[in-house]
Amino acid sequence: MTCREFKHSAASLTLWELSHPGDEQLIHAEECPKCGSWLDRQQMLAASMQALQARTASRQAGPQVERALLRMFRQDPFEATQPVAAHRSAPIAFRLSRFFEVGAYVAVAAAIVVGLFLGVRLLEERSLRAPVQSQSSPAPAPQAPAVVNVAPKLEPPVLSAKRRVASRSAVQNRFVKASGATAGISESDDPEYVALMFCDPLSCSTDAQVVRMEVPATGATADHDTQTQLADVVVGYDGVVRAMRIVNPNLN
Amino acid sequence: MLTELTDEQLLSQALDGDEDAFTVLYRRRQGPVYRFALHMSGSSHVAEEVTQDVFVFLIRRGRDFDSNRGALGAFLFGVARNYVRRSLERNYSDAMVNSSADDEAHALVIEDDPGDGIARRQTSTALWKAVLSLPEHYREVVVLCDLQELTYAQAAEALGCAIGTIRSRLHRAHDMLGKKLQHSAAVAPGRVSRVTARCAS
């Protein structure tokens with residue numbers, strides 16, 4: 001018998017069977033010190049295991065366990081449909097898991113409700129903001145158009161800018177309504193409005209007002225810096241000038 | 001009469017509310033369950049707690065047992081294994097393993113027959129400590145197959161793994177235990193000669 005065969009045959013035996021090996025295995029164990037040493041270890045282990053088994057064979061649970069179980073059996077006899085209650089040895093977090101689970105559901109539901117409430121409020125505020133601002137903006141004075149000597153906030157008209165106000169025709173119509181009669185400008189001889197850069201373009205739905213005012217002539221059509229030029233400016237609902245046009249002085 | 005019934009028959013009667021059947025079943029099966037937990041944990045306190053938990057589980061979830069999937073004994077060992085593992089994970093019994101293993105070993109010495117050899121007691125104590133120091137998946141196969149004398153098939157049912165796995169784990173565990181015992185014997189040379197002489201005889 002080779003060492004490999006010895007190991008193979010020993011692997012199929014239980015620890016108790018190794019205590020009484022076959023003749024071939026004994027012969028090989030005597031010839032091979034390595035396998036003999038291994039067999040000695042296994043036999044020593046089997047003897048120790050038997051000793052331990054014999055010493056603990058009589059150990060069993062105390063009578064108080066049986067009494068407690070019978071008391072429980074009388075109270076709760078095999079209810080298969082009943083949910084398993086946490087027993088006394090379960091950790092406290094395990095016992096409270098159901099409570100935490102319900103709490104988590106409630107917290108998620110509350111978060112959803114609060115989120116919906118805030119969303120609705122935000123939408124309402126947005127929908128109300130534009131009309132309120134348009135109502136609070138000063139109405140144009142068609143009979144006496146405001147004339148401002150200096151308008152430092154105004155950017156010089158960018159004549160090369162070709163970005164037009166989206167609702168140019170609507171603005172022009174309003175302009176005609178607001179100041180056309182006073183200024184005596186007809187739509188036909190009206191030069192085009194020039195959109196100012198760096199401003200949000202007006203949309204068709206936003207309110208705008210057209211105000212005729214004097215603006216510095218620098219960069220416009222005048223020759224001298226001190227001169228002013230009459231212009232119609234389109235003021236958005238937020239007070240920012242969006243577009244302007246130079247009024248023909250001959251018509252003014 | 002009841003003692004002649006199989007475990008499954010006793011459980012069936014207990015499920016119908018027969019307290020005597022439950023008592024017989026408990027008395028028949030509590031010892032192995034207790035000893036399994038004792039060998040696994042090294043603590044009689046944990047062993048009693050696990051035994052109670054296993055039968056509480058049987059009271060509450062006894063209808064979950066399916067006899068087609070295995071014997072009731074293996075089922076109870078499987079439940080006990082889970083409770084032992086949970087108990088050891090709770091960490092309080094880890095400390096008890098170290099301290100109470102000595103207590104249990106000391107109790108064994110006291111219970112011993114005075115005529116029994118000192119070497120036998122020492123080797124069994126050393127073996128138990130070696131078993132407790134094994135990794136859990138090796139320890140449970142040693143306890144089930146060597147100390148509880150379950151067959152490989154029954155151990156495989158209890159642990160929910162293949163028979164080949166049981167066999168290989170057991171082989172590996174025996175090697176580890178043999179080396180541990182040899183090491184502990186080398187620490188106490190006087191013990192070696194006695195044990196070796198005993199094994200040789």
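This is a predicted model: local features need pLDDT of at least 70, side-chain atom pairs count only at pLDDT 80 or more; totals for chains, interfaces and linings use all residues.

Reader: Is A:Ser48 buried or exposed?

Author: A:Ser48 sits in helix α4 (residues 33-56) of chain A. Buried means under 20% relative accessible area. A:Ser48 has a relative accessible area of 2%, so the answer is buried.

Reader: Which residues is A:Ser48 in contact with, leaving aside its neighbours within four places in sequence?

Author: Those sequence neighbours are set aside here, and the residues that remain carry the letter of chain B. The contacts of A:Ser48 are B:Thr123, B:Ser124, B:Leu127 and B:Leu181.

Reader: Is B:Met176 buried or exposed?

Author: B:Met176 belongs to helix α9 (residues 163-187) of chain B. Not counting residues up to four places away in sequence, B:Met176 touches B:Leu134, B:Pro135 and B:Tyr138. Its relative accessible area is 18%, and the cut-off is under 20%. B:Met176 is therefore buried.

Reader: How many Å apart in space are B:Met176 and B:Val131?

Author: In sequence, these two residues are 45 residues apart. From C-alpha to C-alpha, the distance between B:Met176 and B:Val131 is 9.3 Å.

Reader: At what angle do α2(B) and α7(B) pack, and is that oblique or perpendicular?

Author: Two packed helices are described by the angle between their axes and the distance between the axes. For helix α2 (residues 19-41) and helix α7 (residues 136-147) of chain B, the axes are 10 Å apart and the angle is about 140°. That angle makes α2(B), relative to α7(B), oblique.

Reader: Which residues of α2(B) make the contact with α7(B)?

Author: The crossing of these two helices, α2(B) and α7(B), is right-handed. On the α7(B) side, the contact includes B:Glu136, B:Arg139 and B:Leu147. The residues of the contact divide into five nonpolar, one polar and three charged. From α2(B) come B:Phe36, B:His39 and B:Met40.

Reader: Where around the axis of α8(B) do its buried residues lie?

Author: In helix α8 (residues 152-159) of chain B, the buried residues are B:Tyr152, B:Ala155, B:Ala156, B:Ala158 and B:Leu159. An α-helix has 3.6 residues a turn, so residues three or four places apart point the same way.

Definitions and conventions:
Residues are numbered from 1 along each chain as its sequence is written. Chains are lettered from A and ligands numbered from 1 in the order in which they are written. Side-chain values use heavy atoms; hydrogens and water are left out. Axes are lines fitted to C-alpha atoms, for helices over the stretch in contact, and angles run from 0 to 180 degrees between N-to-C directions. Helices (H or I, at least four residues) and strands (E, at least two) are DSSP runs, numbered from the N terminus. Angles under 35 degrees count as roughly parallel, over 145 as roughly antiparallel, 65 to 115 as roughly perpendicular and the rest as oblique. A crossing is left-handed if the near helix is turned anticlockwise from the far one by less than a right angle, and right-handed if clockwise. Contact means heavy atoms within 4.5 Å. Ala, Val, Leu, Ile, Met, Phe, Trp, Tyr, Cys and Pro count as nonpolar, Asp, Glu, Lys and Arg as charged, and the others, Gly among them, as polar. Buried means under 20% relative accessible area, exposed over 50%, partly exposed in between (1.4 Å probe, protein chains only).
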